[in-house]
Amino acid sequence: MSRSKRRLPFFEIFMLLLGLLYVSPCFLALINSFKTLPEIVRSPLSPPTRLVWENYQYIFTGVKLAGPMLNSLLMCFAVIASLITIASMASYALVRHLRHGALWRVFFLAGLTVPFQILMLPLMREFNYLGIGYTYFALWLHYVSYGLPLCLFIYSGFMRSIPIDLEEAARIDGCTPLGTFWRVIFPLLAPCTVTIIVFWGLFIWNDFPQAYVLMGTNKGELAFVQLWRFLSDKYVKNWNYIFAGIVVLSLPITMLYLAMQRRFVKGLTAGAIK
Amino acid sequence: MKKATLQHNLSSVLLCGPAILLYTAFFVFPTLLGFAYSLTDWSGWTRDPTFIGLDNFRELIGDERFFATLKFTLSQTAMIIVCYTSLALILAVLLDRMRVMKGLVRGLFFYPFILSILVSALLFQYLANFRSGAINIVLQTLGLDHWAQDWMGDPALVPYFILTLVVWQGLGFYTTIFLAGLQTIPRELYEAAGIDGAGSVATFYHIQIPALVPQIKICSVIALITGINLFPQILVTTQGGPGYRTFTAGYHIYWLGTENDRQGYASAIALVVFLVLVLVAAVQATLFQRHETDL
């Protein structure tokens, strides 16, 4: 009680206004995506005099963003499904089965410190050597291997808190190690799985530097790569189209964020809060 | 017994194999390859690399641009660490005091973090544009023409432009870490402080900050890694300009490797920067340890 003896009633409102001011650049993008370019330059802050839907039309006809968006979505599904399967199984083995498990864990965790720029060009050379350069398959391979360290970190941290009695009971009932894993352990890992879906889904949808570098300049149509390619082509920036593109690509994740903010916050900070 | 061991080993391989295989082949191997290329003159694309020993590192010692880049990266990193930690700490304490709408306001501050770096970089590039950017147009409308600046083109201002962009996007993330830390402070502590007549400032200094030391540690380490690896924001907004003013280590490596066909030299720089990161992280850890014994 003593902590809130004399609280000013408008503190919360002040914080709300501060928060709205903080995200105001996003609102600016939204209202300006409905204006013509001259109108954006003339009056950037005022609401649009009439809604210019042509910007959005151009995003799908001129920039052709629909296909790349679908590609990105498919890539998200493919990578997340692989990451969940591979990482959860591996961390089970690391924590419970493998001899020298601790050593293997260090081996994987070391990956968390390596930035993409170090392996970028050797990786491209490797992919070219294997004959899969500039393909979606290569990008998938990269995303999965790049994501493994963090996923293993999240899974194995949680795995250690699961009592071993459960597995012993399953073993006594005649379950094989693989069967024990899928029937007993994997369902218990659901919170981690959700975290990984949020984190990597967002990462892959939003990614542009890695996909851009690995897919080259004219292949590989993924959502943000396509937008970047469009705007880096032009010497003059057509902000009306860029804003429409930004809104179109951010809308799906914004909707999901509004629907399950807590999951997002938890998923994105899980590596740091423990 | 023997059969059980065999089955045990077999299932270990089945469970662990795919992860080890993928990670080794497409993460560890190219990383090591990158380090190996630092001893070659590889152009990055077609020609096979030739072994040139430590020539790249010798060149690096005399390379003024490399040191300018490193200096810019480190100063930028220092500012990023200080801003993230202090602003997030203050914001978290403020948010923690809220009784209603806490989730909503927290959600607003966190929102930029879920956006693509391309989006945040473009938004700020638009705001800061000299001729058609929102900031300068608003200043002109208000009759403050002389306040209008070339935010991205002025060598003195551009570091702060990059800083603002980076901090804007990530602040919510760091705030969440501090908010989680604040939840662990027992209520009795606040009550005791209240009885002793401590105001909110005294509570902040004597209860909240000491309790949040672990979070300050985590935040500064994550901010350090973010700062040293600063790259996509530069690629989208300034592309290293004006001149070479905003060349960060990450952008320099990318620029040398892809646009100057000097992957061997770029790998040498990447290796050195990586060692610098490890070194700074070690210094940071030591400082924190000393600080902890002081407390």
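Analyst: Two residues are in contact if their C-beta atoms, placed from the backbone, lie within 7 Å. This is a predicted model, in which local features need pLDDT of at least 70 and side-chain atom pairs pLDDT 80 or more, while totals for chains, interfaces and linings use all residues. Residues are numbered from 1 along each chain as its sequence is written, with chains lettered from A and ligands numbered from 1 in the order in which they are written.

User: How many residues does the contact take from chain B and from chain A?
Analyst: By that cut-off, chain B gives 66 residues and chain A gives 64 residues. Helix 1 (residues 2-37) of chain B supplies the largest share of chain B's side, 17 residues; helices here are DSSP runs of H or I, at least four residues, numbered from the N terminus.

User: What makes helix 9 of chain A count as lying largely in the open?
Analyst: A buried residue has 20 or more other C-beta atoms within 10 Å of its own C-beta, placed from the backbone. Helix 9 (residues 165-172) of chain A has eight residues and the number buried is zero, so it lies largely in the open. Just after helix 9 of chain A, Gly174(A) has a positive phi of about 95°.

User: Which residues touch the most other members of the largest nonpolar core?
Analyst: A nonpolar core joins buried Ala, Val, Leu, Ile, Met, Phe, Trp, Tyr and Cys residues through C-beta atoms within 7 Å. The largest one has 156 residues, and Ala90(A), Leu148(A), Leu118(B) and Ile269(B) touch the most other members. Leaving out residues up to four places away in sequence, Leu118(B) touches Phe208(A), Phe224(A), Leu227(A), Trp228(A) and Val236(B).

How values were computed:
Helix = DSSP H or I, 4+ residues; strand = E, 2+ residues; numbered from the N terminus. Buried ≥ 20, exposed ≤ 12 C-beta atoms within 10 Å, placed from the backbone.
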